[in-house]
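Colleague: I'm new to this one, could you walk me through it?
Modeller: Gladly, here it is.

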Amino acid sequence: MQSETTDPQRMEQLLREAVRQIADDGDLDRYIAWSRSHIPVELGVESDLFEGEAERLATMLGVAIWNATPRADNGWRPRTLSLPATDEPCFCGSGLSYGDCCEPLGPLPELPPDLIWDLLIDQLSEEAIQDALRRQAVPDGLLAKVAERWLEHDRPGRAAALLEPLFKGDLRALDGRYEPALDILCDALDALDHWKKKQAFLLRVTDEGSRELKAAAWQRFTMMFMDEGELDYADEAFEQALRHAPDNPSTALLEITLLAARHDDVRARSRAQFWRHRLRRNGDADAGFLGFLEQAMIDPQEALVSSHAAAMDPLLLELCHWVRSLSALPVLPYQVESLDDPVEVGAGLQLPLFPAELLPRGCAKTASGAVGALLPSPALRAVEREWRRVFPASKPYATQLSALDDGAVWEGDGWMRLLSAQPDAANSLDVLDDLATALYEHPESSLPWVSHTLLGPLYKRALAIIEATIAATGVSCLPWNAERNRPALRLLFRTYLHEAEAGREAAAAAAIEQLLALNPQDNHGARAELMNHYLRARSDQQALELARRFPNDLLADLAYGEVLALYRLGHQEHAAQALSSAVDRLPRIPRFLLRKRIKRPVLDDAGFTPGGDDQAWLYREAMRDVWEAEPGLLSWMKKRLTA
């Protein structure tokens, strides 16, 4: 069947093997014999042609490959085989004259040098590559392949030095064949931490490059902004990429990726349908990419995971399969051990965010046993003991999210084998907490579709276990000071972060509300985000009730959020009193809210100083637009402060 014999992958495999034969041996007679015996089999034509035809066609193709393959022993030029005269013996070895044998088949096909070099580079030693480069024999369009090889062997400096001269001249003369060189050069500059140099290079390409290179540069900018979480800038860069390459499959992939990063799955499905129709009509995409678009029309996030599966960490991929199985497993609640004095449980195990006298009161004691510590079943405790034995990472310290010691968790699969062998592990909040911590630190989990496929189902499972436990036991308070509660509370906080990052504000607020209900001391400081959510949603009464649960709070969001809520509710006298109290605690906030422009102070990734300029700046960045949008509010504040 011709549909199988002309398979491009089959032809590429044949060419690769033929080039390897020439590079490794180089003897013409042995190569011709190999061509006659192997090429018909490799192409699957030996049974479709008359006797002798397959061998003649194989010889013609084999000689064409021979004539196009550069030879190290010939200065990296091919050793071209001259065709015999019409009455001379044919080179195929049939014993017939050339005129009666292969000559009627027509002239030898001419193979593009770039095609052969593309295959040859994979066969050459480092010494041979260096020799070919010194002789300037490697086509410019394939220098990217050599540079990629060096980059894979941790030689980014050498890779950059090879590619940079390509872009020194007129960039308009470089067409789409140089896109791989642009990408590999950017990867090399990233590895060298030369981000300023990379940015300057890409900006020059967007100004001076050909249409194809401009599109590639804008695509690169889009991915850079996505990695930094600057999705608005990513949108602008993508529009430029789309303008310069409106029919490029890579533009389609980039748009689906960008929409997935925004968790806009509805629009991603719609655009996948659009791109599938457009590319199929234009004939610009292969069957594999069209299959990706068809999957994206159903589930964009899952389609992106599948498309990256070959390049993903195998252990991460195995965990992905395990996570997919969670929905089929029953959810089992915990037991709860009643606490007589929850505030004292585990005292001293963590440092408080602020002085104890400024923290809100803890859970009130109840006679119903509604305050407690989670207690797994004996069977689950046995699974968790085995888990602690094989899982190498430690727990995060206090309310942090990173492990104190990651234990090279992604370098061994003992814990993955335990997950596969122990279905009960899916009901352990301790295990789910460890998996979330490990994923939090895995570089690939920052990709939005990986987060959607792995972290989302983990958090959904954790919430189901917590809710089942509340329903079964009636527990209403799980204080952080009881160490057994920390995995559950940490998972709730991670759920909030996950939902907030996805732009699902209502779900994020619900997660914080549940976290505060179970742990009223709010060791994570999540109340600040909940307050800002209430105020942006104009839920002023809820904001006021939240503020009153945390009197004398040193978080600016609570102290000044109360002022804003009271002002909106029409209680200006009470708002003035709240403002006076807030200024007493945090006097620098008003200056940062009132001024249209103000110099940014030095910030520390580890946190902020209560009452400091850094805290005031952070609150300004989070909420000044809300204050400014309220008619008369900033003027009212200024008058109150100067009265």
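Modeller: What follows goes through the cores, a surface patch, some helices and a few residues in loops.

Colleague: Before that, what should I know about the model and the numbering?
Modeller: This is a predicted model, in which local features need pLDDT of at least 70 and side-chain atom pairs count only at pLDDT 80 or more, while totals for chains, interfaces and linings use all residues. Residues are numbered from 1 along each chain as its sequence is written, and side-chain values use heavy atoms, with hydrogens and water left out.

Colleague: OK, how many residues has the largest nonpolar core, and which have the most contacts inside it?
Modeller: The largest nonpolar core has 112 residues, and those with the most contacts inside it are Leu-319, Trp-322, Trp-415, Leu-419, Tyr-560 and Trp-627. Such a core is a set of buried Ala, Val, Leu, Ile, Met, Phe, Trp, Tyr and Cys residues joined through side-chain atoms within 4.5 Å. Buried means under 20% relative accessible area, exposed means over 50%, and partly exposed lies in between, with a 1.4 Å probe and protein chains only.

Colleague: Which helix gives the largest share of this core?
Modeller: That is helix 21 (residues 448-473), which supplies ten residues. Helices (H or I, at least four residues) and strands (E, at least two) are DSSP runs, numbered from the N terminus.

Colleague: And what lies apart from it?
Modeller: Another core, of 59 residues, lies apart from it, with Leu-142, Leu-163, Phe-201 and Val-205 among them. As background, nonpolar side chains in soluble globular proteins tend to be buried together.

Colleague: Back to Trp-627, what does it touch?
Modeller: Not counting residues up to four places away in sequence, Trp-627 touches Tyr-560, Val-563, Leu-564, Leu-593, Tyr-619, Leu-633, Leu-634 and Met-637, where contact means heavy atoms within 4.5 Å.

Colleague: Changing topic, which residues make the nonpolar surface patch?
Modeller: Leu-603, Phe-608 and Leu-618 make a nonpolar surface patch of about 220 Å². Patches are made of residues with over 30% relative accessible area and no salt bridge, and like charges are joined within 9 Å, nonpolar side chains (Val, Leu, Ile, Met, Phe, Trp, Tyr) within 5 Å. A salt bridge here is a side-chain nitrogen of Lys or Arg within 4 Å of a carboxyl oxygen of Asp or Glu, and accessible areas come from the Shrake-Rupley method with a 1.4 Å probe, where for residues only the protein chains shown count as cover.

Colleague: How about helix 20, how many of its residues are buried?
Modeller: Eleven of the 13 residues of helix 20 are buried, and the helix is mostly covered. Those buried residues pack against helix 17 (314-324), strand 4 (372-375), helix 18 (378-390), helix 19 (414-421), helix 21 and helix 22 (486-501).

Colleague: And what span should it have?
Modeller: At 1.5 Å a residue, the 13 residues of helix 20 (residues 429-441) should span 18 Å, and the end C-alpha atoms are 19 Å apart, which agrees. The expected span is 1.5 Å times one less than the number of residues in the helix.

Colleague: What about helix 24, what covers its buried residues?
Modeller: The cover includes helix 23 (505-518), helix 25, helix 26 and helix 29. Helix 24 (residues 527-536) has seven of its ten residues buried, and just after helix 24, Arg-538 takes a positive phi of about 60°.

Colleague: Where else is phi positive in a residue other than glycine?
Modeller: One of these is His-263, with a phi near 60°, placed in the loop between helix 13 and helix 14 (265-282). Most residues other than glycine have a negative phi.

Colleague: Is His-263 buried or exposed, and what does it touch?
Modeller: His-263 is buried, with a relative accessible area of 17%. Leaving out residues up to four places away in sequence, His-263 touches Gln-301, Glu-501, Ala-502 and Arg-504. Gln-301 is one of the buried residues in helix 16.

Colleague: And Asn-552?
Modeller: Phi of Asn-552 is near 60° too, but Asn-552 counts as partly exposed, at 48% relative accessibility.
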